[in-house]
Amino acid sequence: MSFQYFYSQAIEEATARYAKEQQKQNRPFYYAGGTEILTLRRLNIIYPKAVIDIKHIPACNIYKLHEDYLVLGSALSLTEIEEKNFFPLLSDVSTEIADHTARNKITFGGNICGQIFYREAILPLLLTDSLLVFAKDQHLRTELIHDVFDEQLLLQEGELFIQAFVEKKYLAAPYVTIKKRKQWTVGYPLLTIAALKIDSRIRVAISGLCAFPFRSTSLEEVLNQPNQTREEKIAAALKTIAFPILDDVEGSSEYRLFVLQNLLDEVLEQLEEK
Amino acid sequence: MKQKPNKIVLELMINGEKREVVVTQDKTLLSTLRDELYLTGAKPGCYNGDCGACTVLMDNKPMKSCLMLSIEAAKFSITTIEGLKDAPIQQAFIEEFAFQCGYCTPGFIMNCHGLCLAKPEATEEEIQKWLSSNICRCTSYEEIEKAVKKTLALYQKGEQR
């Protein structure tokens with residue numbers, strides 16, 4: 001079954017079209033890079049009858065410093081984020097997603113809102129307590145990421161992710177990000193860790209360990225314990241993981257935990273003394 | 001763009017020529033190139049954005065045509081392998097024997113050509129980053145890398161034409 005394509009130039013136009021197509025039971029999708037929509041549709045995992053292209057909406061293409069924040073539009077391609085590079089942690093995480101040509105098409109918002117569970121672009125936003133802006137009908141709402149992210153972005157039906165606001169103080173904070181794959185430097189991810197040090201505390205967010213990306217305050221708590229050896233901190237950190245660990249063809253749960261242990265060691269090595 | 005009930009009339013700028021096609025709105029650029037315009041240089045591989053065999057240039061930027069709708073492509077100048085016409089990278093692929101079965105070659109050449117245009121001073125790291133977008137099952141990677149470096153050297157000396 002083919003779908004209809006709708007082009008939007010404004011937020012209100014896109015959200016109104018979504019509501020209309022939803023009413024007609026056309027299973028609409030907001031479409032930016034569209035890479036995941038086209039892939040999942042070909043695999044008969046999703047069945048859109050309408051897609052609404054949002055990548056020409058000016059508000060979704062913003063990349064600028066505004067007052068105390070860096071503002072990132074959801075339709076920016078990952079390549080644009082890498083090239084503009086006001087936020088090196090996000091650039092470095094982005095540059096490890098998919099491959100260079102694919103990143104010309106994959107968008108920041110698409111990666112975050114996607115069904116494919118890695119969603120690594122969310123990691124820097126989780127670490128920086130970002131604000132996210134959404135639109136539905138005629139209304140905009142701004143939320144702290146931790147209030148609208150639980151395993152995935154908690155979007156209301158028909159709601160469009162417009163922008164992320166990252167406080168400037170985080171842009172130059174010391175950070176580490178490491179992506180491990182099953183083999184070599186290309187291929188599907190096994191585990192990605194992103195860590196940042198701010199106000200003398202290390203923050204950590206992880207993708208690929210569980211069926212969703214997450215930031216764990218209990219894990220951070222033990223990593224920041226004074227008067228403990230690095231080995232003690234890492235052992236305690238692994239015990240805080242309360243979610244089921246992925247166990248699949250990319251890596252067994254035991255192997256993933258082993259890789260995480262090494263990644264945490266690397267994070268502490270690089271950030272403890274900063 | 002003139003909209004019909006299920007199909008759309010599109011004007012695409014391909015290899016410097018305006019081409020009009022009538023396609024369904026969900027048709028990928030790869031399908032339009034091959035089935036409607038008989039430009040079969042872009043190859044179907046994984047249809048999943050993994051292999052890069054379908055790579056074309058959109059305003060000189062590499063894109064995987066299996067992951068792009070034809071309707072999205074209407075705003076760009078599209079270059080396929082048929083439009084290159086003896087670009088230096090093509091000659092370098094021949095000189096360096098940078099292919100075996102040749103199926104992935106158009107995709108590799110388009111990506112490499114895009115790299116040479118965008119970053120004639122590309123570093124080793126940038127070459128690796130760009131070329132990781134394409135897969136060659138015959139594993140001609142070393143020869144492809146040599147071909148790219150040879151072409152980049154021409155661009156650096158201004159001898160690409």
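Author: We'll take the sheet, then a helix pair, then the domains. This is a predicted model: local features need pLDDT of at least 70, side-chain atom pairs count only at pLDDT 80 or more, and totals for chains, interfaces and linings use all residues. Residues are numbered from 1 along each chain as written, with chains lettered from A and ligands numbered from 1 in written order.

Reader: What is the strand order in the open sheet of chain A?

Author: E1-E3-E2, three strands with parallel pairing. Strands (E, at least two residues) and helices (H or I, at least four) are DSSP runs, numbered from the N terminus. Pairing takes at least two DSSP bridges.

Reader: Which are the edge strands?

Author: E1 (4-7) and E2 (28-31) of chain A, each pairing on one side only. E1(A) has four bridges to E3 (residues 50-53) of chain A. Tyr7(A) has Asp53(A) as its bridge partner there.

Reader: Which helix packs on that sheet?

Author: H1 (residues 11-23) of chain A, touching E1, E2 and E3 of chain A. Contact is C-beta atoms, placed from the backbone, within 7 Å.

Reader: Switching to chain B. How do H2 and H5 pack?

Author: At about 140°, axes 8 Å apart. Axes are fitted to C-alpha atoms over the stretch in contact, and angles run from 0 to 180 degrees between N-to-C directions.

Reader: Who meets whom in H2(B) and H5(B)?

Author: Pro88(B), Ile89(B), Ala92(B) and Phe93(B) meet Ala147(B), Lys150(B), Thr151(B) and Leu154(B).

Reader: And the domains of chain A, where are they?

Author: Domain 1 is 4-53, domain 2 is 58-170 and domain 3 is 175-271. The bounds come from an automatic or database assignment. Centres of domains 1 and 3 of chain A, over C-alpha atoms, are 35 Å apart.

Conventions
Contact = placed C-beta atoms within 7 Å.
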